[in-house]
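Colleague: Could you take a close look at how the helices pack against one another, and at the pocket that goes with them? I would like one connected account that I can follow residue by residue.

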Amino acid sequence: MTRPKKGADDLSLPKATVQKIITEILQPSPGVTFAKDARDLLIDCCVEFITLISSEANEIAEKEAKKTIATEHIDKALRELGFPEYVQEVLASAGEHKEALKTREKKTNKMDQSGLSEAELLRQQEELFKSATEKYNQGPT
């Protein structure tokens with residue numbers, strides 16, 4: 001696989017997010033820090049890993065005549081590229097994400113938030129339209 005040449009539009013990961021992950025993973029040790037150039041190298045490695053896995057998963061999906069890359073394509077890509085030790089954790093994470101999507105709070109719209117019935121909201125809307133029409137017909141004051 002050949003990777004596109006680096007350019008101004010190169011993909012990256014947010015440095016602050018990666019730094020937060022590093023900080024959470026590493027045990028706090030007095031006098032030990034993670035150098036910025038090491039963090040940047042880690043970001044480049046992560047982007048390369050994501051590119052590698054997604055490209056392989058895309059090829060697998062294409063071979064299966066699928067237009068959507070699914071979890072099973074990521075599973076196969078990890079195995080075929082020699083990363084079978086990641087599969088269990090990746091699948092567990094995918095399952096957690098799926099469950100989180102099911103249980104997340106549904107967004108409520110303004111109508112639901114108002115606590116008023118649809119009929120009452122319609123009545124208020126008609127009053128506002130009537131008031132606006134009267135003001136418009138009066139002209140400038």
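Predicted model: local features only at pLDDT ≥ 70, side-chain atom pairs only at ≥ 80, totals over all residues.

Modeller: The helices concerned are α3, residues 71–80, and α4, residues 84–103, and their axes come within 8 Å and cross at roughly 160 degrees. Since angles over 145 degrees count as roughly antiparallel, α3 and α4 are therefore roughly antiparallel to each other. On the α3 side of this contact stand T71, I74, D75, L78 and R79, which meet P84, Y86, V87, V90, L91 and A94 of α4. Sorted by class, the residues where α3 touches α4 are eight nonpolar, one polar and two charged.

Helix α3 also packs against α2, with the two axes again coming within 8 Å, here crossing at roughly 115 degrees. That angle makes α2 roughly perpendicular to α3, and the crossing in which α2 passes α3 is right-handed. From α2, the residues F49, I53, E56, A57, I60 and A61 take part, and they meet H73, I74, K76, A77, L78 and E80 of α3. By class, this contact of α2 with α3 holds eight nonpolar, one polar and three charged residues.

Moving along α2 to its contact with α1, one finds that the axes of α1 and α2 come within 10 Å and cross at roughly 105 degrees. Helices α1 and α2 are therefore roughly perpendicular to each other. In this contact K15, V18, Q19 and I22 of α1 meet R39, D40, L42 and I43 of α2, and the class count for α1 with α2 is four nonpolar, one polar and three charged residues.

The largest pocket brings several of these residues together. About 360 Å³ of space lies in this pocket, and α1 (15–25) and α2 (36–63) each supply at least two residues of its lining. The residues that line the pocket are L13, V18, I21, I22, I25, L42, C46, F49, I50 and Y86, and they divide into ten nonpolar, no polar and no charged. Among them, V18, I22 and L42 line the pocket and also belong to the contact of α1 with α2.

Conventions: Residues numbered from 1 in each chain as written. Heavy atoms only, no water. 1 Å grid on protein atoms, 1.4 Å probe; cavity = no way out; pocket = protein on both sides within 12 Å on 5 of 7 lines; lining within 4 Å. Points joined across faces, edges and corners; volume = space filled by probe spheres on them. Helix = DSSP H or I, 4+ residues; strand = E, 2+ residues; numbered from the N terminus. Nonpolar A, V, L, I, M, F, W, Y, C, P; charged D, E, K, R; others polar. Axes fitted to C-alpha atoms, helices over the stretch in contact; angles between N-to-C directions. Parallel < 35°, antiparallel > 145°, perpendicular 65-115°, else oblique. Contact = heavy atoms within 4.5 Å. Left-handed = near helix turned anticlockwise from the far one by under 90°.
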